[in-house]
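Visitor: Hi, can you walk me through this one? I'd like to start with pockets and then move to a sheet.

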Amino acid sequence: MNLCTEEEKRIFNFLQQQNCCLRCCFRFIGCRTIDCFQDPIKFAKSAGYIEVEHVPFNNEVPCTACLGILQNKIQEQVVEKIHVEVEKQSYDSETFICALTIPICISLREHFLHMQCATQFNLSEDMLLCLKVKLQNVKDVWKWITIPKIENAIKKQVDLTTPSPFIIEIILKYEYNEKECEALLNTYKKTNNIEYKQKRKCNDNRFSKTSIEILMTKITDEEFFKCFKTVIFETTDKIYVEKIMCTHSSIFIGGRYNKLSRELSQTPWFINGEKKMQTSVQDILCNPIAEVVKAQSIKFLSSGREDVDVRNIYSGRPFAVELINPQKSKITEKLLSDLVDEINRSSRQVQITSNLKVLSRIDLKKLKEGENVKTKFYRAFCICRDATKDMISLEELNNLKRVKITQKTPVRVLHRRPLSPRERLIYEIRARWAKPQELKKFNITNKDASAFFVLDIKTQAGTYVKEFVHGDFGRTKPSLCDILNAEVDIVALDVTGINLNWP
């Protein structure tokens, strides 16, 4: 055990006289031994900092420097509140990390105590700088002494290396924080003879760590000390726990789905605040998953979207659901398999066509990037309403390759998308006349059968297929109408394939 130097002892004893707790006294002289913070009385005696038997460490007077953050009573309150909150919310994560928010005025108090030491012991600028550099961060010391207590209380292990996805946020408040920061602001305005307008995000948070640090650089140590000698640092009220918040980082689960209904929107559909459809693809897929993992909320992500009257069949559309702040994070293959079975049993409108998988951020990037690079396959059931004598034969469409089209934003989506032309490629087209069984599905009689045909198209992602077929009042050039030289419309459309390696 290294004995203290006389200089350290003088500073240590002086800080005690200023009502600093023993842990803060050790912080200020730069002690880096964890033992001195875990059992400060024992360490102070053995190292020669104090000689008396009784030390007023756990009394009711809050520390001038840390406002009680490092004193046992506040720590016990914090640990107990964390224990209650974690038990109440039943997070199953086996690890955690802590995020501590403390009043900004603590940095002002530390600076003032440094200036007091400099004045008391006539320290040079170099010696004062050395003392400032030695100062141990109050948050670091708090974590050294408090996290083991939290681990024991909630039966979870801290994980700072990964880091853990389970975050416990502790927000500590102090009644006079604004008043003490205001004193610094007034000093700056007075010494610079200017009106300083503090930008504020909200009325109860005028001062940030950054704004205080900037102000501190704009006034000298002498100006600061002169100002705060007249400021009474309140020591009658300790810091208090304003809030304990537990959150788990999002979990992403994805797969592929088929939409088998022509009367179902992809996401909840509201007009003037009124829900137009009872359910949606999002509701059917995401609600059961969110319920199982006890997520606070969800975000539905998919590789494109189909219209209400468009089906998605065969291999299915890639999708992911972001589960925000889930309490259950242990996702097993059996749980995912059971979810597939449950969702597929619950609805005939939507079916999951692949295994569900827990996704990484890289997977999500693939889903987003695929919007621009993937190819898509469609089957359109079309009608030729007004064939002219100049109409080309349907079979000639099969010879077309890489047809470049220009599409203005369709009339049907102009209310929600900007008016801008886009170029897209139709890679391949296969056309044939409709078969009897296909006509039967749409209740079409033999009398009208000769007007209907089936179109299989391979396109670039982002192509408006309906508009490619009927032309959208000339907004798509060339359209199928232009190519066939006939009036063509679309009766039904299916998405038959999305070329994306997923999940």
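Visitor: Which classes of residue make up the lining of the largest pocket?
Guide: The lining has 14 charged, eleven nonpolar and nine polar residues. Ala, Val, Leu, Ile, Met, Phe, Trp, Tyr, Cys and Pro count as nonpolar, Asp, Glu, Lys and Arg as charged, and the others, Gly among them, as polar. This is a predicted model: local features need pLDDT of at least 70, side-chain atom pairs count only at pLDDT 80 or more, and totals for chains, interfaces and linings use all residues. Residues are numbered from 1 along each chain as its sequence is written, and side-chain values use heavy atoms, with hydrogens and water left out.

Visitor: What volume does the largest pocket have?
Guide: About 990 Å³. Of its 34 lining residues, R305, D307, R412, R416 and R417 are the closest to its centre. A pocket is an open set of points on a 1 Å grid over the protein atoms alone, where a 1.4 Å probe fits, with protein on both sides within 12 Å along at least five of seven lines; lining residues have an atom within 4 Å of a point. Grid points are joined across faces, edges and corners, and the volume is the space filled by probe spheres set on them.

Visitor: Which domains does that lining draw on?
Guide: Domain 2 (250-372) and domain 3 (376-498) each give at least three residues. Those bounds come from an automatic or database domain assignment.

Visitor: And the second largest pocket, what lies nearest its centre?
Guide: S107, E110, N137, K209 and E213, out of 22 lining residues. Its volume is about 600 Å³.

Visitor: New topic. What is the strand order in the open sheet of four strands?
Guide: The order is 2-1-3-4, with mixed pairing. Strands (E, at least two residues) and helices (H or I, at least four) are DSSP runs, numbered from the N terminus. Two strands pair if DSSP finds at least two bridges between them.

Visitor: Why is one side of strand 2 and of strand 4 left without a neighbour?
Guide: Strand 2 (157-158) and strand 4 (240-248) stand at the edges with a single partner strand each, so one side of each has no neighbour in the sheet.

Visitor: Do tell, are strands 3 and 4 parallel or antiparallel?
Guide: Antiparallel, over eight bridges. I167 stands opposite T247 in strand 4.

Visitor: What about strands 1 and 3, parallel or antiparallel?
Guide: Parallel, over five bridges. There, A99 stands opposite E169 in strand 3.
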